[in-house]
Amino acid sequence: MRNADPVWDLTDAKSEEFTALANRIFDAPEIAYTERRAAAEHAEMLHRQGFRVTEGAAGIPTAVIGEWGEGGPVIAILGEYDALPALSQTAGAAVHDPVEAGGAGHGCGHNLLGGAAILAATAMRDWLEAEGVPGRIRYYGCPAEEGGAAKTYMVRDGLFDDVDAAITWHPQSYTAVDDARSLANTRIDFTFHGKAAHAAGAPELGRSGLDAVELMNIGVNYLREHMPDDARVHYAYLDAGGIAPNVVQARATVRQLIRASNLADLADLVARVRAIADGAALMTGTRVESRVHSAVSNLVGNRPLEEAMQRQLDALGPVPFDAADRDFAERIRATLGKGDIAASFQQMGRKPDYDLPLCNFVVPLDRPSRGGLGSTDVGDVSWAVPTVQARVATCAIGTPLHTWQMTAQGKAAAAHKGMVHAAKAMAGLARALVQDERLRQAAKRDHAAHLAETPYACPIPDDVRPPIAAE
């Protein structure tokens with residue numbers, strides 16, 4: 001049976017080779033800025049499909065761009081393929097079973113995200129060629145979404161300057177248009193320099209970098225009471241000064257991850273955290289230096305594109321899961337708590353249904369969504385060009401992202417069905433944007449109105465380069 005949209009048929013026609021690509025990416029997980037195999041796989045597929053390919057985009061060895069077409073509007077489809085550390089897991093196992101102890105794994109579904117995005121771009125390539133319609137489809141293979149902010153660097157380097165609209169998606173336990181809420185954030189490394197000394201014989205001669213880090217963390221903890229409700233600060237020790245307790249630690253480094261609902265609030269909170277670092281240095285007689293590691297902006301919504309994406313999802317209907325998909329989802333759900341399941345339904349704006357293993361509906365556009373927010377470098381793309389993102393069901397309802405349970409479902413039949421569904425939605429919207437100038441102009445007007453109210457300022461300083469490019 002033919003699909004209602006010809007570009008959906010073109011998506012189906014190549015779905016098998018692209019789900020195989022997603023599986024290959026899953027089997028060789030690579031964390032931020034190390035995705036050499038994934039980038040090479042995507043570049044090779046783009047070459048095979050006739051795209052003009054640029055590797056090493058924005059000076060990032062694992063960023064790749066493929067373009068096809070001439071003239072007309074430029075429609076971007078964004079892909080990702082980075083994994084997460086310490087989330088190795090055997091695919092298809094409903095118990096915690098790492099493939100490699102401490103190894104990386106696709107606990108956020110980015111093997112599927114990149115697979116669907118490049119499939120959608122290829123389907124649009126085939127449609128443009130078949131119809132002879134002017135227009136360019138451009139696939140952005142974006143590394144390091146998990147903490148590396150590659151898209152922010154790509155925006156800063158002007159790689160989206162000629163784009164009319166950008167489309168992306170993310171694996172999720174339900175199907176909906178993303179409500180375009182996220183937290184702006186910045187990751188800053190604070191290094192305290194002191195003086196080593198014998199911790200017993202002459203401690204008075206030492207100045208401890210580790211003491212400074214711990215005092216900084218105490219200061220940040222007291223700051224939490226006086227932050228906006230939706231702001232967050234997290235930390236990780238990058239260098240605790242060594243393993244010898246009888247040596248005063250002369251140097252220590254902590255990474256502070258600071259989040260806020262918008263760039264203005266983020267700038268204010270960053271200034272307060274920096275002041276705390278200065279105070280910790282003063283108290284310990286150390287010297288502090290800081291370096292921005294990465295930063296992302298909050299998402300900017302685009303109502304015309306969101307309504308257009310909703311039309312695509314409504315026309316497609318829910319992901320066509322079957323009994324076998326539901327059986328595996330039930331086994332995964334047995335490892336989750338009721339709170340996990342309730343949280344998914346909160347995001348959908350629905351009362352929890354603890355007997356529903358997989359999402360069998362499309363969530364309405366204006367749902368009363370609740371729940372915590374994360375961050376994404378798609379935010380900076382959304383400031384540069386009109387942008388829309390879908391969430392498409394690929395896993396059991398209640399599956400938290402960044403967990404072994406998510407990794408376990410990364411090669412399941414249900415995940416592949418959701419991936420192809422997402423590709424159809426993105427390709428269908430890309431086709432609509434190429435053909436409908438009124439939609440493009442409405443999206444641009446909505447975007448321009450937001451920028452007129454709040455101009456964009458890149459959250460990463462000009463002198464900061466992607467970590468891998470600096471090495």
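Q: Which side chain does Asp-322 meet in a salt bridge?
A: Asp-322 pairs with Lys-417, at 3.0 Å from N to O. A salt bridge here is a side-chain nitrogen of Lys or Arg within 4 Å of a carboxyl oxygen of Asp or Glu. This is a predicted model, in which local features need pLDDT of at least 70 and side-chain atom pairs count only at pLDDT 80 or more, while totals for chains, interfaces and linings use all residues. Residues are numbered from 1 along each chain as its sequence is written, and side-chain values use heavy atoms, without hydrogens and water.

Q: Where do Asp-322 and Lys-417 lie?
A: Asp-322 is in the loop between α8 (303–316) and α9 (323–333), and Lys-417 is in helix α13, 95 residues apart. Helices (H or I, at least four residues) and strands (E, at least two) are DSSP runs, numbered from the N terminus.

Q: And how far is Lys-417 from Asp-325, N to O?
A: Their side chains form a salt bridge at 2.6 Å. Asp-325 lies in helix α9 and Lys-417 in helix α13, so the pair ties together parts 92 residues apart in sequence.

Q: Is Asp-325 buried or exposed?
A: Asp-325 is buried, because its relative accessible area is 6%; buried means under 20%, exposed over 50%, and partly exposed in between (1.4 Å probe, protein chains only). Lys-417 is partly exposed at 24%.

Q: Switching topic, what does Asp-12 pair with?
A: Asp-12 forms a salt bridge with Lys-424 (3.0 Å, N to O). Asp-12 is in helix α1 (residues 6–13) and Lys-424 in helix α13 (residues 413–435), 412 residues apart.

Q: How many salt bridges does the structure hold?
A: The structure holds 30. Arg-52, Glu-67, Glu-70, Arg-138 and Asp-162 are linked in a network of them.
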